[in-house]
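Please look over the sequence and the structure shown here.

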Amino acid sequence: MEKLRVVLFGVGRGLHLAQCFMLCDAEIVAVCDHHKERLGAAVKTLDESVGVYESFDDFINHPMDAVILANDFHRHAPYAIKCFEKNIHVYSECTAAGTMGESVAL
């Protein structure tokens, strides 16, 4: 069986989750964060071969099976919807929607 290709959006809150996925034999193939300094630390912790992105719109086109959403807690729903539209599985590290409208859209 091939390894699950997982990407991480939100390195500051999600690096430990990526490491947990790796313990389950998933491969972390890319990371995205708007804080450049966090990206360097993630590459050192994970693997130098991971894709590195500052833009989610570029990041979502990286080959993947699933995404870990660990960005700002109140912004998960819009990013999860973008992933679902591309048939990408989503793991949200907290409540994915803050309003009833976001829940319906999700």
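## Two loop residues and a helix

N87 counts as exposed because its relative accessibility is 70%. This value, like the others here, comes from a predicted model. N87 sits in the loop between α4 (76–85) and β5. Its phi is near 60 degrees, a positive value in a residue other than glycine.

D25 also has a positive phi, near 75 degrees, and is likewise a residue other than glycine. D25 lies in the loop between α1 and β2, just after α1. Its relative accessibility is 47%, so D25 counts as partly exposed; the exposed class begins over 50%.

Helix α1 covers residues 11–23, which is 13 residues. At 1.5 Å a residue it should span 18 Å, and its end C-alpha atoms are 17 Å apart, so the two values agree.

Which residues of α1 are buried? They are V11, G14, L15, L17 and A18. An α-helix has 3.6 residues a turn, so residues three or four places apart point the same way.

What covers the buried residues of α1? The cover includes the strands β1 (5–9), β2 (27–32), β4 (66–69) and β5 (89–92), together with the helix α2 (36–45).

Definitions and conventions:
Residues are numbered from 1 along each chain as its sequence is written. This is a predicted model: local features need pLDDT of at least 70, side-chain atom pairs count only at pLDDT 80 or more; totals for chains, interfaces and linings use all residues. Side-chain values use heavy atoms; hydrogens and water are left out. Helices (H or I, at least four residues) and strands (E, at least two) are DSSP runs, numbered from the N terminus. The expected span of a helix is 1.5 Å times one less than its number of residues. Buried means under 20% relative accessible area, exposed over 50%, partly exposed in between (1.4 Å probe, protein chains only). Contact means heavy atoms within 4.5 Å.
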